[in-house]
Amino acid sequence: MRLIEASKENLTKKELYLLTMSPEIQKISDVIGQVIDIEAWLKYADSDHKAEESGEEKEQIILSILSPEGESFATNSPTFIKDFEKMITLFAGDLKRIEVIAGTSKNGRQFVTCKYAE
C-alpha cells in the first residue's frame, strides 16, 4: 500500500486501519443515495488482486472515507475520485458532507459519483 493523499497529515493508526484494512469497509456503490459525514479521508494505491492472480503487477487507486461514527466507505471509481477531489479543492479541504449518487454515461453505462450535501 502506498499513501497518496490524506485529509490530515497524521492519521492515527486506528484511522488508517479503518480506512484501509477493516473488514467492515462498505463499497461506495452499495450506499447510493446515502449522505456521508466526513471525519477523514485517504487516497492510496494498493495491489490489484485480480491482476496479481494473472501474474501482472498492477496498482489500483482507492479513495476511502471515514465517518465520525467510525464507518468506512471506499471506492476505486475514477469518476467518484475525480469529483470528490474537485470538491476538496473547492472547499479548501473543509468538505464535511457528501451524498453518493448514481449517473448514466452517454453510452448508457451506470456510474457512481458524489455531490455536496448540507
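Guide: Strands here are DSSP E runs of at least two residues, helices are H or I runs of at least four, both numbered from the N terminus, and two strands pair if DSSP finds at least two bridges between them. This is a predicted model, where local features need pLDDT of at least 70 and side-chain atom pairs pLDDT 80 or more, while totals for chains, interfaces and linings use all residues. Residues are numbered from 1 along each chain as its sequence is written, and side-chain values use heavy atoms, without hydrogens and water.

Visitor: In what order do the 5 strands lie in the open sheet?

Guide: In general, strands of a sheet pair through backbone hydrogen bonds, parallel or antiparallel. Here the order is β1-β4-β5-β6-β2, with mixed pairing. The edges are β1 (2-6) and β2 (26-27), each pairing on one side only.

Visitor: Which residue in β6 stands opposite Q26?

Guide: That is F73. Strand β6 spans residues 72-75 and includes T75.

Visitor: Is T75 buried or exposed?

Guide: Buried means under 20% relative accessible area, exposed over 50%, and partly exposed in between (1.4 Å probe, protein chains only). T75 is buried because its relative accessible area is 10%.

Visitor: Which residues is T75 in contact with, leaving aside neighbours within four places in sequence?

Guide: Contact means heavy atoms within 4.5 Å. For T75 the partners are I28, I61, I62, L63, F80 and I81.
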